[in-house]
Amino acid sequence: MDLKTIMAAGMSVSEKFNISFTVILTGFVVVFAVLILLIFIIAIYGKIVSSAQNKSKEKKAKAEAEKAAKATEKSAPASAPVQKVAPSNGLTDEIVAVIAAAVDSTYGVGNAKIKSIKKSPSSGRPAWGQVGVIDNTRPF
């Protein structure tokens, strides 16, 4: 029914209200049904993409692990001499070991040697606070 037919038919107010309510209700149901369908489609698509990305990350990690294992086997002899860094500035052996492990994990096995350990100059801020300031004030 179109508007002219409804007006010409001489319908009562309650009949016009029923038709209007039916049209509005049908519109809301269709809109929300399509929105829910889109939500499900996007969620499924997101799961597919994330699983594909995870598979590629796993392949890369596996290849890097194999590459690192091969490099370790080639570069490190069976009895590699361990360099002892003399603790300076009151550092304990545990602190030196942690610093050496951090440098080793950053630069790779056998790619860096620690000659000395010195405390960085302080600017009056904690180290993490200074890093935050540098990160937030870096030019584009």
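Salt bridges are counted here where a side-chain nitrogen of Lys or Arg lies within 4 Å of a carboxyl oxygen of Asp or Glu, and the count comes to 1. The model is predicted: local features need pLDDT of at least 70, side-chain atom pairs count only at pLDDT 80 or more, and totals for chains, interfaces and linings use all residues. Residues are numbered from 1 along each chain as its sequence is written, and side-chain values use heavy atoms, with hydrogens and water left out.

Side chains of opposite charge can pair when their charged atoms come close. Here the salt bridge joins Arg 138 and Asp 135, at 2.2 Å from N to O. Relative accessible area sorts residues into buried (under 20%), exposed (over 50%) and partly exposed (in between), using a 1.4 Å probe and protein chains only. Arg 138 counts as exposed because its relative accessibility is 52%, whereas Asp 135, at 43%, is partly exposed.

Attention now turns to the helices, which are DSSP runs of H or I with at least four residues; strands are runs of E with at least two, and both are numbered from the N terminus. Helix α2 covers residues 13-75 and contains Phe 28. According to the unreviewed UniProt entry, a "transmembrane region" covers residues 20-45; such annotations may be inferred rather than shown by experiment. In the model, this span is 100% helix and 0% strand, and its end C-alpha atoms lie 38 Å apart.

Aromatic rings of Phe, Tyr and Trp (its six-membered ring) pair if their centres lie within 6.5 Å; planes under 30 degrees apart count as stacked, over 60 as edge-to-face and the rest as tilted. The count comes to 2 aromatic pairs. Phe 17 is exposed at 54%, and Phe 21 is partly exposed at 47%. Phe 28 and Phe 32 form another stacked pair, at 6.4 Å and 25°. These two are also 4 residues apart in helix α2. An α-helix has 3.6 residues a turn, so residues three or four places apart point the same way.

The expected span of a helix is 1.5 Å times one less than its number of residues. For the 15 residues of α3 (residues 93-107) this gives 21 Å, which agrees with the 21 Å between its end C-alpha atoms. Just after α3, Gly 108 takes a positive phi of about 100°.
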